[in-house]
Amino acid sequence: MPDTILRIDRGPLAKRSVSRKLTAKVLAELKAKEAVRPKIGLALGSGGARGLAHIGAIKVLEEHGIPIDLIAGTSIGAMIGGLYAAGLSVKEIEEIALSSDRRTVLNVFFEPHLKQGLIKGEKTRAFIEKYLGNKTFDDCRIPFAAVATNLKTGDIVVLDKGRLVPAIRASVSIPLVYCPVEIAGNVLADGALSAPVPVQIVRKMGAELVIAVDLGKHHYDETRKPGLYDIANDSLSIMQHHLALRDTASADVVIDVNVAAESWYDFANARSKIQTGEEAARGLVPRIREKISEKSKGGHNEYLESFEENIRIDLLRHLAGRLAPRVYMSHLVKSLQRGGTTQEPMGSAVRGETWRDHDR
């Protein structure tokens, strides 16, 4: 870790005596470290309730200090990825999943419609809105895109502008189960129909290294005698499995989570799915680090030196209480996250105010 950070005055006058020049220098050093490693994108695949395994995968990435710079999600991947990108912690998302018993699940999903789908989807929209409110894609702390399919043209639709809630609701619109969603004149259904694991989408967002989480393994239950529903479900599963193989072929690392034997609609049994996601991701941590090292601009040694800086934003927030007013530091942190410079003009809320105005 740079000496500049270790030699900080922690005396009673620290807040007032440390100049903006030093703050900018600290940020510049951290930004230089950040430039060493590749920009990492996370592609979260479809799978219904099986997608609760995404929570476990994200937990492991966080635990091992592997940063997530960009997220693209399809269907349940859009819901989990959207909540995380919008600012909910992975612990909060896990708590939501674990607290969902069968009664809660029925309250969210039981909404018979029988016209364009078995479920109208307004209760599901309200459920998502409970946690995201009126947040937009621009409000996300991590750049995020939800993937849907245009039923008129069959095209992949990347939703990355406007409000998050309708975009996620469109992405989870399983055909025949949910009514499709109309956005800008397009009739949108589940993104799994066209891009079940959105590797290329997150690559186009700017990812230099893509970690894909694939839930698309096909499973056939030998113990049952398949009926009409089973044959339809198996057919859809096979189609999505082959689409997922196509999508993940260009990923740098594929976290292949084997939850195929789990029911796609059983949201009440969250714990086992989350644990399965953790186990699958944990086994690939060395591979992910190796790939980051290979793609790091300065090579293996510089990557190892910069690895500790993956927690730079937390460190900056910690130092903010000693170095600078919170509003000023918040401005600089957001600027750095956007890829900007420490010299960007500050907003009117900060302009003209003194350091002492923000001391607490």
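Helices (H or I, at least four residues) and strands (E, at least two) are DSSP runs, numbered from the N terminus. This is a predicted model: local features need pLDDT of at least 70, side-chain atom pairs count only at pLDDT 80 or more, and totals for chains, interfaces and linings use all residues. Residues are numbered from 1 along each chain as its sequence is written, and side-chain values use heavy atoms, without hydrogens and water.

**Exercise 1. Find what joins R287 and E290, and describe where the two residues sit.**

Step 1. Start with the rule. A salt bridge is a side-chain nitrogen of Lys or Arg within 4 Å of a carboxyl oxygen of Asp or Glu.

Step 2. Apply it. R287 and E290 form a salt bridge, with 3.4 Å from N to O.

Step 3. Locate the pair. Both belong to helix α13 (residues 285-295) and are three residues apart, so about one helical turn separates them.

Step 4. Buried means under 20% relative accessible area, exposed means over 50%, and partly exposed lies in between (1.4 Å probe, protein chains only). R287 has 34% and is partly exposed. E290 is partly exposed too, at 40%.

Step 5. Look at a network elsewhere. Salt bridges with shared partners join K59, E63, E94, E278 and R282.

Step 6. E278 and R282 meet at 3.6 Å, N to O. They are four residues apart in helix α12 (residues 270-282), about one helical turn. E278 is buried at 13%, while R282 is partly exposed at 37%.

**Exercise 2. Decide which parts of the chain the D69 and R37 pair links.**

Step 1. Take the distance. The D69 and R37 side chains form a salt bridge of 2.7 Å, N to O.

Step 2. Place each residue. D69 is in the loop between α4 (53-63) and β2 (70-74), and R37 is in the loop between α3 (20-34) and β1 (40-44). They are 32 residues apart, so the pair links distant parts of the chain.

Step 3. D69 is buried at 17% relative accessibility. R37 is buried at 5%.

**Exercise 3. Classify the two aromatic pairs.**

Step 1. Know what to read. A pair of aromatic rings is described by the distance of the centres and the angle of the planes.

Step 2. Set the cut-offs. Rings of Phe, Tyr and Trp (its six-membered ring) pair if their centres lie within 6.5 Å; planes under 30 degrees apart are stacked, over 60 edge-to-face, and the rest tilted.

Step 3. Classify F127 and Y131. F127 is partly exposed at 22%, and Y131 is partly exposed at 25%.

Step 4. Classify F137 and F144. The centres are 5.8 Å apart and the planes are at 15°, so this pair is stacked. F137 is buried at 6%. F144 is buried at 4%.

**Exercise 4. Name the residues with the most contacts inside the largest nonpolar core.**

Step 1. Define the set. A nonpolar core is a set of buried Ala, Val, Leu, Ile, Met, Phe, Trp, Tyr and Cys residues joined through side-chain atoms within 4.5 Å.

Step 2. Read the answer. The largest core has 59 residues, and L42, I71, F144, L159 and I211 have the most contacts inside it.

Step 3. Find the main contributor. Helix α5 (residues 76-85) gives the most, with seven residues.
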